[in-house]
Amino acid sequence: MTDTLRAGPQTRITLHFAVRLMDGTEMDSTYGGEPAAFSWGDESLLPGFERAILGLKAGDKRSVFIDAASGFGDYNEQNRQHFKRSTFSADEVEVGTVMNFADAAGAELPGVIAELDDDWVTVDFNHPLAGRDLTFEVEIIAVEHDAPEQAVRLN
């Protein structure tokens, strides 16, 4: 008798997935293309999505409700920042434009121009799916052992 390997710690999972808004609008999907693959715990999937596939095996399919807090987090009004319009060039300022900004540590942080007037530009740094409840549809293609790399010492 052999044990069927299931998604969890020390596994590598290959899967197809779709993320949909509650009205059915598809926001992302690998169906119809190449499947995605990740190592459990590598932070490729948000914890709520990872919990949704815990214990699944190759061939399993599941559709799971993911509330906003377990998905991309609650919408945070403090993640909207205001900048003087004069700090932008005229051709780059348009509502809906995604721009990269540097955070305090110098890392790139994407933001969406949400509002503008003659003096100010409001940039929203929330994830576009923050505050949104979602449906996560998944089909597990393969589950394989994935032990972390360790140095081998030869005597």
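Buried means under 20% relative accessible area, exposed means over 50%, and partly exposed lies in between (1.4 Å probe, protein chains only). At 18% relative accessibility, Phe 125 therefore counts as buried. This is a predicted model: local features need pLDDT of at least 70, side-chain atom pairs count only at pLDDT 80 or more, and totals for chains, interfaces and linings use all residues. Residues are numbered from 1 along each chain as its sequence is written, and side-chain values use heavy atoms, with hydrogens and water left out.

**Confidence**

- The protein chain has a mean pLDDT of 91, and 93% of its residues reach 70 or more; pLDDT is the predictor's confidence in each residue, from 0 to 100.
- Strand labels follow DSSP runs (helices, H or I, at least four residues; strands, E, at least two), numbered from the N terminus.

**Aromatic pairs**

- There are seven aromatic pairs in the structure.
- Rings of Phe, Tyr and Trp (its six-membered ring) pair if their centres lie within 6.5 Å; planes under 30 degrees apart count as stacked, over 60 as edge-to-face and the rest as tilted.
- Phe 83 and Phe 101 are stacked, because their ring centres are 5.5 Å apart and their planes stand at 15°.
- That pair links distant parts of the chain, 18 residues apart: Phe 83 lies in strand E5 (residues 80-84) and Phe 101 in strand E6 (residues 98-102).
- Phe 83 is partly exposed, at a relative accessible area of 27%, whereas Phe 101 counts as buried at 17% relative accessibility.
- Phe 101 also pairs edge-to-face with Phe 125, at 5.2 Å centre to centre and 80° between the planes.
- This second pair also links distant parts of the chain, 24 residues apart, with Phe 101 in strand E6 and Phe 125 in the loop between strand E8 (120-124) and strand E9 (134-145).
- Ring pairs join Phe 17, Phe 49, Phe 72 and Phe 136 into a cluster.

**The open sheet**

- Four strands make an open sheet, ordered E5-E8-E7-E6, with antiparallel pairing; two strands pair if DSSP finds at least two bridges between them.
- E5 and E6 are the edge strands, each pairing on one side only.
- From one strand to the next, the twist averages 45°; axes are lines fitted to C-alpha atoms, for helices over the stretch in contact, and angles run from 0 to 180 degrees between N-to-C directions.
- Five bridges join E6 to strand E7 (residues 108-116) in the antiparallel sense.
- Met 99 faces Gly 111 in E7 as its opposite residue.

**Pairings of E9**

- E1 pairs with E9 in the antiparallel sense over 11 bridges, and Arg 12 has Glu 144 in E9 as its bridge partner.
- Strand E4 (residues 61-66) is antiparallel to E9 over six bridges, and Ile 66 has Leu 134 in E9 as its bridge partner.
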